[in-house]
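Could you walk me through reading a few features of a protein model? I would like the general idea along with the case at hand.

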Amino acid sequence: MVSDLAVVSDAAVVSDAAVVGEAAVVGEAAVVGEAAVVSDGKGGAGGEGVAGGGVVVDGGAVTDTGVVAVAPLFGDDFEDGDAVGWSTVGGQWSVGGDTVGGDTTKAYRQRSGSALASARSGDPNWTDYTVSTEVRPTALGNSRSSIGLLARVQSTTSHYYLNLRGNSQLELGKLVSGRATVLASAPVTAAIGGWQTLRLALRGDRLVGQLGSATVTATDGQFGQGRIGLSTSYATGWFDNVLVEPSAPDIQPPTVPGRPQVLSVVPGAVTITWPASTDDVGVTQYYVYQGDQFYSQYLARVVPDNAPLTLQLSPTAAQTHFSVTARDAAGNTSGFSARTSVRQPPSFPRSGDNTVAPSPPGAPVVTAVTPNGYLVAWEPATDDIGVVEYHVYHVFAVDEIRVEAKVSTNTAVIAPRGGYETIYVVAYDASWNASSSPTVQLLPPPTPPAAR
């Protein structure tokens with residue numbers, strides 16, 4: 001029998017005692033243990049655990065508990081003073097001492113402001129991995145300038161890239177035979193003189209780039225494997241603590257999406273959106289749920305993003321509520337968002353900008369019994385521009401509420417359901433201003449006295 005300490009969970013996560021600093025963790029499910037990666041003074045991977053000089057690493061490391069941690073595929077902190085294993089094109093590349101805030105460390109420098117300078121290393125057969133590096137731009141002057149990472153490098157003119165640009169954009173894209181295509185971008189702070197960590201994760205056709213709290217994601221299958229690299233264009237700067245880690249099974253669910261927001265309501269339909277969820281690899285789908293009673297909820301739509309979505313409303317629903325969950329490519333699903341509710345709208349388009357509500361209708365009274373139910377009537381509401389429609393709400397079975405009638409006059413027929421039932425009436429004017437009558441019990445009309 002294998003003891004508990006020898007069992008590796010699906011996430012390949014080691015104990016808390018073996019987890020290193022944040023800069024050494026790549027947002028994947030696998031966390032590198034302290035025997036595999038040791039944090040240096042800037043929070044990057046370096047020291048004994050990662051091979052210097054651009055050396056490809058094999059095998060794993062064992063933590064104090066006996067659990068095997070995932071070893072990095074490659075690491076270079078340049079503390080050995082050379083760039084063995086790196087090949088360069090363009091620019092002026094060298095390893096030297098860099099002093100920031102009194103801390104002197106060796107790093108890889110590109111000191112020419114020429115276009116398309118790159119340094120490449122690693123294994124051309126790498127497929128799914130996460131590559132990260134710390135960068136310190138020293139000149140990043142305009143929208144043409146950039147400093148960043150390369151991944152799945154086929155050649156100097158074909159690869160994926162993650163760049164910090166001079167126009168304060170984090171840009172994820174690809175270069176195909178020298179032609180650039182931007183896949184995603186996000187605003188960031190292009191700080192000159194300070195160290196920042198760039199990270200690019202590739203799993204199948206999913207690409208996720210990060211710089212601080214900024215994240216860019218894309219789906220693209222142009223390149224399936226390749227080496228890693230560092231690059232500048234019309235910029236100069238330093239690179240340090242280059243780390244390549246293998247992708248681990250994705251078991252991290254996305255964050256819970258934000259509460260749905262109502263963009264518009266029209267007769268019979270509502271349009272919603274919601275604050276997006278985030279995920280360590282990327283959200284691929286949202287599941288939108290809808291219900292028209294407090295406890296009911298059913299799957300209404302599956303959509304790829306949080307773009308405005310129009311959903312139909314049941315014509316008898318007193319209120320309709322919506323909530324959302326997020327799912328990633330591995331099938332991990334977030335919890336449900338908070339609910340948003342929409343009241344049954346009138347059956348006519350809203351018009352005008354009047355803000356004065358009608359007076360409350362009178363309490364509904366059962367006046368007769370018909371073959372289809374009870375005939376109810378109420379004192380009409382009054383309004384400065386006129387009442388257009390009445391809704392008769394029927395409450396039964398403890399929590400069941402339905403709009404049983406939408407009428408233009410002050411009478412309606414309501415079919416009794418049995419048990420304790422109540423009804424009330426809502427009056428609407430042309431601008432959808434509303435007022436409500438008192439709620440009364442739905443009872444048959446009094447039995448007239450027997451004739452003598």
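The dialogue below takes up a sheet, a pocket and a serine in a predicted model.

Q: How do strands of a sheet pair in general?
A: Strands of a sheet are held to one another by backbone hydrogen bonds, and the pairing is either parallel or antiparallel. Here, three strands make an open sheet, ordered β21-β22-β25, with antiparallel pairing. At its edges lie β21 (261-266) and β25 (309-312), each pairing on one side only. On average, neighbouring strands of this sheet are turned by 25° against each other, direction ignored.

Q: How many bridges join β21 to β22?
A: Five bridges link β21 with β22 (residues 269-273). To find one of these strands' pairings on screen, pick Q261: its bridge partner in β22 is T273.

Q: What is the volume of the second largest pocket, and which residues are closest to its centre?
A: Its volume is about 410 Å³. Among the 21 lining residues, L116, S146, N163, L175 and S233 are the closest to the centre. The strand giving the most to this lining is β13, with four residues.

Q: Is S337 buried or exposed?
A: A residue counts as buried when its relative accessible area is under 20%. S337 has a value of 6%, so S337 is buried. You will find S337 in the loop between β26 (319-328) and β27 (340-343).

Q: Which residues is S337 in contact with, leaving aside neighbours within four places in sequence?
A: S337 is in contact with V256, P257, G258, P260, S323 and V324.

Methods. Residues numbered from 1 in each chain as written. Predicted model: local features only at pLDDT ≥ 70, side-chain atom pairs only at ≥ 80, totals over all residues. Heavy atoms only, no water. 1 Å grid on protein atoms, 1.4 Å probe; cavity = no way out; pocket = protein on both sides within 12 Å on 5 of 7 lines; lining within 4 Å. Points joined across faces, edges and corners; volume = space filled by probe spheres on them. Helix = DSSP H or I, 4+ residues; strand = E, 2+ residues; numbered from the N terminus. Buried < 20%, exposed > 50% of the residue type's maximum accessible area, 1.4 Å probe, protein only. Contact = heavy atoms within 4.5 Å. Pairing = 2+ DSSP bridges. Axes fitted to C-alpha atoms, helices over the stretch in contact; angles between N-to-C directions.
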